[in-house]
Structures are given as structure tokens and as C-alpha cells.
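Student: Could we go through this structure together, beginning with the aromatic rings?
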Amino acid sequence: MRKRTLRKRLSMTSLIDVIFLLLLFFMLTSTFTRFAEVELTAAGQGGTSVSDKPPVFLQLAEDRIGVNGQPVELAALAQVLQQQKGDAPKVSVLVSLKPDVTAQRLTDLLVTLRTVTGVSATVLGAS
């Protein structure tokens with residue numbers, strides 16, 4: 001006659017402990033970094049004029065960028081702003097956002113504006 005072996009019930013306590021330890025390990029060993037910071041100047045905060053030159057109006061939409069009413073590609077924006085700036089040490093850029101603009105599109109624009117020296121960007125908001 002064959003002996004019956006009784007199986008013990010599995011205890012879930014040890015499994016929960018292992019999962020908790022793994023969770024704790026990954027939380028403590030992961031690195032939380034910020035990729036970059038983008039400085040914003042909101043309109044209507046009583047800012048003073050940067051130069052005697054009139055500001056450059058930049059209109060940002062999801063699929064296009066306009067500088068003083070003329071369409072411009074994002075790759076050529078820095079060069080166009082250098083031309084608009086001329087020999088002035090500083091120029092103010094007013095950025096008007098269309099409602100369909102994503103945060104990533106605005107960030108890409110602000111990173112491009114950061115590469116041009118003497119540019120002070122003010123974001124007006126969605127129009």
C-alpha cells in the first residue's frame with residue numbers, strides 16, 4: 001500500500017515579504033533626476049522692457065511657428081532671431097500659444113530660445 005503524503009498549504013506571508021523587499025530595494029536604488037529646468041516669465045508680472053527695440057512676436061502652434069507673421073522652422077529659429085536682434089544686446093520675445101500646443105512643443109521652443117544670447121522670452125498663453 002502506498003503512503004499518502006500530505007502537502008502543506010502554501011503560506012503567502014513569505015511571498016508578500018519578498019515582494020515588499022524587492023519594492024523597497026528598487027525604490028531606494030533608483031535615481032530620480034530632473035532633465036532640465038526651463039525658466040518662464042509669465043505675462044502681466046510687471047516686467048520692464050529689455051531694450052528699446054520692439055519685441056519679436058512669436059506664435060507657436062502644434063505644426064508651425066510664426067515670427068512676426070512669417071512662418072519659420074524650429075531648426076532655423078535661432079538664426080532668424082539673431083537676424084531680428086541685429087546689433088542690439090538684448091531683445092524681448094513674446095510667445096503666443098495656440099490651444100493645440102503640447103508641453104513638449106513649448107519646451108522644445110524654449111530650449112531653442114535659450115541658445116540665442118540676449119533673448120528674453122515671455123509666454124503669453126493660449127489664444
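Tutor: The count comes to one aromatic pair, where rings of Phe, Tyr and Trp (its six-membered ring) pair if their centres lie within 6.5 Å. This is a predicted model, in which local features need pLDDT of at least 70, side-chain atom pairs count only at pLDDT 80 or more, and totals for chains, interfaces and linings use all residues. Residues are numbered from 1 along each chain as its sequence is written, and side-chain values use heavy atoms, with hydrogens and water left out.

Student: Which residues form the aromatic pair, and is it edge-to-face or stacked?

Tutor: Phe25 and Phe26 form it, edge-to-face, at 5.3 Å centre to centre and 70° between the planes. Planes under 30 degrees apart count as stacked, over 60 as edge-to-face and the rest as tilted.

Student: Is Phe26 buried or exposed?

Tutor: Phe26 counts as exposed at 53% relative accessibility, and Phe25 is partly exposed at 47%. Buried means under 20% relative accessible area, exposed over 50%, partly exposed in between (1.4 Å probe, protein chains only).

Student: Changing topic, how many residues of β4 are buried?

Tutor: Seven of its seven residues are buried. Val91, Val93, Val95 and Leu97 point one way from β4, and Ser92, Leu94 and Ser96 the other way. Strands are DSSP runs (E, at least two residues), numbered from the N terminus.

Student: What joins β1 to β4?

Tutor: Five bridges do, and the two strands run parallel; strands pair if DSSP finds at least two bridges between them. Val95 in β4 is the bridge partner of Leu58.

Methods:
Helix = DSSP H or I, 4+ residues; strand = E, 2+ residues; numbered from the N terminus.
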